Amino acid sequence: MISLIEHMTAGLSNAGPFMRIVVTTIIMLVSGVIVLAVALLYEGVATYAERKVAGDIQARIGPNRVGPYGFLQFIADGVKLLLKEDIIPFYADKWLFIAAPYIVFTASFAAFVPLSYSDHVYVANLNVGILYMIAISSVVSMAVLMGAWGSNNKWSLFGGMRAVAQIVSYEIPIILSLLAALIIPASLTMKDIIVYQSGGFGIFRWLIFNNPFTLLAFFVYYIAAIAEVNRTPFDIPEAESEIVAGYHTEYTGMRFAFFFMAEYGDMFVVSAIAVTLFLGGWQIPFIGALSMPLWLREVLEVAVFFTKIFLLIYLMMWIRWTLPRLRVDQLMELCWKYLTPIAFFNLIGASVWVLLLNGKGVYDIIAGLLIH
Amino acid sequence: MSEYFKKMFDSIKSVLTGMGITIRYGVNPGTEVTQQYPEVKREPYDRFRGKLFVDINICTGCTACARICPVDVITLKTVRDENKKLRPVVFDIDNAKCIYCGLCVEACPVDNCLYFEKKYEFSSYSKEGLVSHFGLGELKPAEKKPEDKKEEKEAVK
Amino acid sequence: MAGTDEKFMQISMGPQHPSTHGVLRLLVTTDGEVLSGVKPYIGYLHRGLEKIAERLTYPQFTPFTDRLDYLAAMNCNLAYAMTVEKLLNVEIPRRAQILRVIMAELNRISSHLISFGSFSADMGAFTPFLFGIREREFINDLFEMTCGARLTYNYIRIGGVSQDIPEGFIDKTREFLDYFPAKIKEYNELLSFNAIFIKRLANIAVISPEDAFDYGVTGPNLRASGIKWDLRRAEPYLIYNELDFDIPVGKGEMGKVGDSWDRYMMRIYEMEQSANIVRQCLDMLEAGDYTAKISKVLKPPAGEVYVRAENPRGELGFYLISDGSAKPYRLKIRAPSFANLSIITKLARGVMMADLIAIIGSLDIILPEIDR
């Protein structure tokens, strides 16, 4: 990975076309496997963290049997799920039923690809980065409906319908609030957006502090993103107390695990978008990182990036273990009556700000005043 | 319009209040109330109704416990020994059927004969494993007493 | 019901469903999310308790009353003991009466805690459930100290109570009573006045006073409809007429009188009142016998009695016919949950799927009592 791909493919320009294809394929496969490994490891850690956070909040101990502090619990869980019987209901639509979890997982994993983990660590620096991520995460809704319909279970169907209605609706406030921030760096590339936010002690030029509208946009985005990944208080597609387990009612073993991992993967992805767009990505706050050796800087940047993401994920977990669930119509009401109008007016405000002040943020203005 | 914003503000405020409570537990490691069971075992109180235990040597074979039991958990067979005393040869308690109501313990006329132990870990792989046998076993093929109610009542008194 | 209409979908909710509070089966006719009818099917937990009573002696049946409303076993014991005592016409020592009130009210608190907790879990907030369990453990400890059991107590017997309270019980109870109000405040902040929670419950499934009468709804559900009817005041038994306590009634604080939120809130208010009663009783406790002198073999005179008592879930009534022998001729149990459940067909018409869960939770039914 790293920007190796670019370097190597550039170096291959005088090799034969066949060699070029082979080497490129190998590099892509290797980097894909690395990202997959990171994603799986993260998902394991996240499930552990979720249970531990729940335990803390609920005055319990939480997992503590496997490994130190129960840290290896996720491995035990994974092994357990692998060994479980794989049941395909007799009346299920087999192809849909079997394909759905893989599509969900693939879509969620594919969204890891355009992320910029640090200055030089990324898989692909797509010029349509954000657009790609929004598009690929929408595939989830289709796959969920496939699984729900394929299960031939009424509870699953309920869950699938709810999931699709919810994900499609919440995409609008998400995009509108993202746009309010995107118009400032005027780029869709993850890396460019993060680079734009450098300076200001690594914190004051974050887009969230750029102007009041981006601040509001961040909160709108975050609320909508929680809904997008189906977590409490917006977890109606898998509302356990209402519709059993929603769209994955009939799934067992590893197929269920794929849905489960996809949910945690999505959490990472939406948090990563928030961090990239609003919270300065891998910009290291308060430390003049430019004087450091390159390797140390890269490590620090990756660490900072992940820390910010985990903080946002912790916030999601904290919200999950606090709030009751909304009803379906109330969920839609929140989306269409509150988040969408706010995001829309917010976008107009942000555009006016950018137009009038030429994209200067609050920090730039203050800094400009101080210098003069 | 103002109501729209007021509603929004109130909702956010109540959500934050709730989150304030949960974070207090979330970051405070001293608030756990649970124990890690196999390592830390909770000591039951003195009156805890756990597994039934019979001190068979002082049992008079009066069958008061077997008669009061509402779910017929106790199987009791008595024979007279050489001193004409009733001895329980079979005294089985089916812990799977027991409802731990304590009526038998109260009915037992002998002190410290039938009582509850503070024991609550007696799971078993089979139904038979849950039956505790206290009987003395066949002493000798003595003359078997039919269920004579008058005699039993004397034994209670 | 429009069950055969092709426009509607019929779903069996239960007997295995996370939020039917046991093995209740509801045949739900839905048009998407909106329900057009609900039909409860009961009997999955039928054990024939009324018939069992006919082949057991009077004291032998007491442990079976534990298994009616297992969350409020003390109250069931109490109602049964009072029934037989009325038939026997015995006077209960004062200490025994006070002990009975203490136990019954403590059990009312613990029962309402479970009700509060499971309701919150139904609404999607899992943390309050564990908080409720945590406080209930305290009460369970008190009961274990007193009678050795944590759930099925068999403590209140015909003639009094089975044994005197142990040393340290009073101090420990006072400790609980001092610690409890702060927890109720916490519950209110965390759940009761949460905007999402109120939105889910206010104006949902309103029971008008007339309906409540028609369907025989009792207990907190009746009082939530604004009717001040509590047997502890209306037909005082034991020492309730000497005690000073309020009967909370629904005022429609968040919506209409008698909505789900009112029903939920009744239980929170009653917990406060019960704690108050226990505190008074502890002060009144005086030396004396803990049980009346009654013969070991009970042979009440021939006749029939009906005694009812205020259980946490409503009026529990025992109708007992004696033919002068040691065993009851007939025992009829009037279970409060049974009558409370009957109104569900009326309430759950035209509501949404999620509201049905709210209705079941707010009625606070318990299945062993319904099926008997």
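Helices (H or I, at least four residues) and strands (E, at least two) are DSSP runs, numbered from the N terminus. With that in hand, we can start with chain A, which has 13 helices and zero strands. The model you are looking at is predicted, so local features need pLDDT of at least 70 and side-chain atom pairs count only at pLDDT 80 or more, while totals for chains, interfaces and linings use all residues. Residues are numbered from 1 along each chain as its sequence is written, and chains are lettered from A and ligands numbered from 1 in the order in which they are written.

Along its principal axes, the C-alpha trace of chain A spans about 75 × 55 × 45 Å. Of its 372 residues, 48% count as buried, a word used when 20 or more other C-beta atoms lie within 10 Å of a residue's own; exposed means 12 or fewer, partly exposed is in between, and C-beta atoms are placed from the backbone.

Let us step inside. A nonpolar core is a set of buried Ala, Val, Leu, Ile, Met, Phe, Trp, Tyr and Cys residues joined through C-beta atoms within 7 Å. The largest such core has 241 residues, and those with the most contacts inside it are Val104(A) and Ala274(A). Helix H10 (residues 253-278) of chain A gives the most to this core, with 17 residues. Two residues are in contact if their C-beta atoms, placed from the backbone, lie within 7 Å. Leaving aside residues up to four places away in sequence, Val104(A) touches Val140(A), Ala143(A), Val144(A), Phe258(A), Phe259(A) and Ala262(A).

Phe204(A) counts as partly exposed because it has 18 C-beta neighbours inside 10 Å. Its contacts, not counting residues up to four places away in sequence, are Phe209(A) and Tyr363(A). Phe204(A) and Val362(A) are 158 residues apart in sequence, yet 8.7 Å apart in space, C-alpha to C-alpha.

Now to where the chains meet. In one contact, 23 residues of chain A touch 25 residues of chain C. Helix H9 (240-243) and helix H12 (328-357) of chain A each supply at least two residues of the chain A side.

Another contact takes 20 residues from chain C and 22 residues from chain B. On the chain C side, helix H2 (58-66), helix H5 (127-147) and helix H6 (169-192) each supply at least two residues, and H5(C) gives the most, with five. H2(C) is mostly covered: nine of its nine residues are buried. Its cover includes helix H2 (64-68) and helix H3 (103-107) of chain B, along with parts of chain C, among them helix H1 (49-54) and strand S8 (328-334).

Chain B brings us to an open sheet of three strands, with the order S2-S3-S5 and antiparallel pairing. Two strands pair if DSSP finds at least two bridges between them. The edge strands, each pairing on one side only, are strand S2 (74-80) and strand S5 (131-133) of chain B. S2(B) and strand S3 (residues 86-94) of chain B pair in the antiparallel sense over seven bridges.
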